[in-house]
Amino acid sequence: MKKEFRPHPNDRHNLLCYLSSMLITFFGFYGFTYLVTWLTIEKTGDPQLLGNVMAMTMLPAIGLNLVAGRVLKYYSAKQMMFITDILTGILFIGAYYALNTVSWQITCLVIVAVLNKSIGVFYKLSNKTILPDLFAPVNIQIVNGYQTQIRQLAIVSATMLVTMALLWVTPATLILTMGIAFLVSAGFDWQFRTRSNLSSDSVVTVKLDRH
């Protein structure tokens, strides 16, 4: 029997913001990964170099997985999602200007890919951590199902969308578009209504009423 999303205070608002953020993030992440692959082969024609680039993007992420959990002790998951989306947006916008000015484009792409993957470690952990603070327990499994469907759609469709976009725009312009989209995603993150904040507001209200 298919479970239905049950209306709870703020859950529908959070669902809209959360899924919108996921759409941008997943399509941006997988789209950029494919774009790096396409540009590396296009510029060098060396599959071995592509393998080295993919390996380099993974190495920092392995170490940062050990650190990300500790960072979340000092920042809320909402703050971390907002910060990581802002950083990714700034990174991609900076990459656009770098690709239009420097001659070492592949090196620039490798640096951006490594930084993007490193930022993604913190985003992924905060994304999983925030769910109980956004949705009622009865809805978390349903939201996880939506998220899985969006990820699968992004994996299948991002490559096709990037390939089609490259017919009309340059790779640098496409990266700029992704950067702007990540800033929009940060806006959705900022609109999350977390239960911890609502609880704090309730406590403040009660104290004021007593006075």
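Tutor: Start with Y34: apart from neighbours within four places in sequence, Y34 is in contact with T159, V162 and T163. Contact here means heavy atoms within 4.5 Å.

Student: Before I go on, where do these values come from?

Tutor: This is a predicted model, where local features need pLDDT of at least 70, side-chain atom pairs count only at pLDDT 80 or more, and totals for chains, interfaces and linings use all residues. Residues are numbered from 1 along each chain as its sequence is written, and side-chain values use heavy atoms, with hydrogens and water left out.

Student: Fine. Which helix does Y34 lie in?

Tutor: Y34 lies in helix α1. Helices are DSSP runs of H or I with at least four residues, strands are runs of E with at least two, and both are numbered from the N terminus.

Student: And how far apart are the C-alpha atoms of Y34 and T163?

Tutor: They are separated by 9.0 Å, while the two residues are 129 apart along the chain.

Student: What about W38?

Tutor: W38 also lies in helix α1 and is partly exposed, because its relative accessibility is 30%. Not counting residues up to four places away in sequence, W38 touches L166 and P171.

Student: Zooming out, how many helices and strands are in the chain?

Tutor: Eight helices and zero strands. Of the contacts with a separation of 6 or more, 86% are between residues 24 or more positions apart.

Student: How much of the chain is buried?

Tutor: Buried residues are 39% of the 211. The chain exposes about 12,000 Å², and carbon and sulfur atoms supply 66% of that. These areas come from the Shrake-Rupley method with a 1.4 Å probe; for residues, only the protein chains shown count as cover.

Student: Which residues have the most contacts inside the largest nonpolar core?

Tutor: F32, L35, F92, V112, L174 and I175, in a core of 23 residues. Such a core is a set of buried Ala, Val, Leu, Ile, Met, Phe, Trp, Tyr and Cys residues joined through side-chain atoms within 4.5 Å. Helices α1 (11–44), α3, α4 (105–129), α6 and α7 each supply at least two of its residues, and α7 gives the most, with six. A second, separate core has 18 residues, including Y18, M22, F135 and A154.

Student: What does L174 touch?

Tutor: Leaving out residues up to four places away in sequence, L174 touches L35, V162, A165, L166 and V169.

Student: Different topic: what is going on at D85?

Tutor: D85 lies in helix α3 (residues 77–99). D85 is buried but has no salt bridge, and K78, the nearest side chain of opposite charge, is 12 Å away. A salt bridge is a side-chain nitrogen of Lys or Arg within 4 Å of a carboxyl oxygen of Asp or Glu; Lys and Arg count as positive, Asp and Glu as negative, and His and the chain ends are not counted.

Student: Last one: where is L167?

Tutor: L167 is in the loop between α6 (137–165) and α7 (171–190). L167 counts as exposed because its relative accessible area is 66%.

How values were computed: Buried < 20%, exposed > 50% of the residue type's maximum accessible area, 1.4 Å probe, protein only.
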